Amino acid sequence: MSTLSTHVLDAVRGIPAAGIAVTLTEADGAELARGVTDADGRIAALAGELPAGTYRLSFATGDYFAAQVVESFYPEVTVAFTVTGERHYHVPLLLSPFAFSTYRGS
């Protein structure tokens, strides 16, 4: 089984993105877990152990920017990824009001 964490950085302000709601779902849409990024923009353990499969992390980015009174284009960012083996998976998100980037972290 594998574990999962995430980290969101506000690329415009150059700080961690605290207070973003994150939802983990299976490929079929079944919700597995919810969390909110901490003061460092992290959720250290979003779910328990994950078997191999395809999952989605959905980040409530529109709410984050609305709370700052900043116009944004993406109300939500969803990242689909595949768990293939037993290891820790880390999914970082670099965020701005009109763009985002992600990669498989370590």
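## The nonpolar core

In this predicted model, the largest nonpolar core has 24 residues. Seven names stand out: Leu4, Ile20, Leu24, Leu46, Leu57, Phe59 and Phe81 touch the most other members. Several elements build this core. At least two residues each come from β1 (3–10), β3, β6, α1 (61–67), β7 and β8 (88–96). In soluble globular proteins, nonpolar side chains tend to be buried together.

Take Ile20 as an example. Set aside its neighbours within four places in sequence, and Ile20 still contacts Val8, Gly35, Val36, Thr37, Phe59, Ala60, Tyr64 and Leu95. Phe59, one of these contacts, is also among the core residues that touch the most other members.

## The four-stranded sheet

Now look at the sheet. Four strands form an open sheet in the order β4-β3-β6-β7, and the pairing is antiparallel. Which strands stand at the edges? They are β4 (31–36) and β7 (77–83). Each has a single partner strand, so one side of each is left without a neighbour in the sheet. On average, neighbouring strands here are turned by 20° against each other, direction ignored.

Strands of a sheet pair through backbone hydrogen bonds, either parallel or antiparallel.

## Strand β3 and its partners

Strand β3 covers residues 21–26. On one side, 5 bridges join β3 to β6 (residues 53–59), and the two run antiparallel. On the other, 5 bridges join β3 to β4, again antiparallel.

Follow Thr23 across the sheet. What is its bridge partner in β6? It is Ser58. In β4, the bridge partner of Thr23 is Arg34. Further along, Glu26 stands opposite Tyr55 in β6.

β3 and β4 also form a hairpin, with 4 residues between them. Gly29 sits in the turn and has a positive phi of about 95°.

## Arg87 in its loop

Leave the sheet and find the loop between β7 and β8, where Arg87 lies. Is Arg87 buried, partly exposed or exposed? Arg87 is partly exposed, with a relative accessible area of 31%. That value falls between the cut-offs: buried means under 20%, and exposed means over 50%.

Arg87 and Thr3 are 84 residues apart in sequence, yet their C-alpha atoms are 6.7 Å apart in space. Beyond its neighbours within four places in sequence, Arg87 is in contact with Met1, Ser2, Thr3, Arg104 and Gly105.

Technical notes:
Residues are numbered from 1 along each chain as its sequence is written. This is a predicted model: local features need pLDDT of at least 70, side-chain atom pairs count only at pLDDT 80 or more; totals for chains, interfaces and linings use all residues. Side-chain values use heavy atoms; hydrogens and water are left out. Two strands pair if DSSP finds at least two bridges between them. Axes are lines fitted to C-alpha atoms, for helices over the stretch in contact, and angles run from 0 to 180 degrees between N-to-C directions. A nonpolar core is a set of buried Ala, Val, Leu, Ile, Met, Phe, Trp, Tyr and Cys residues joined through side-chain atoms within 4.5 Å. Buried means under 20% relative accessible area, exposed over 50%, partly exposed in between (1.4 Å probe, protein chains only). Contact means heavy atoms within 4.5 Å.
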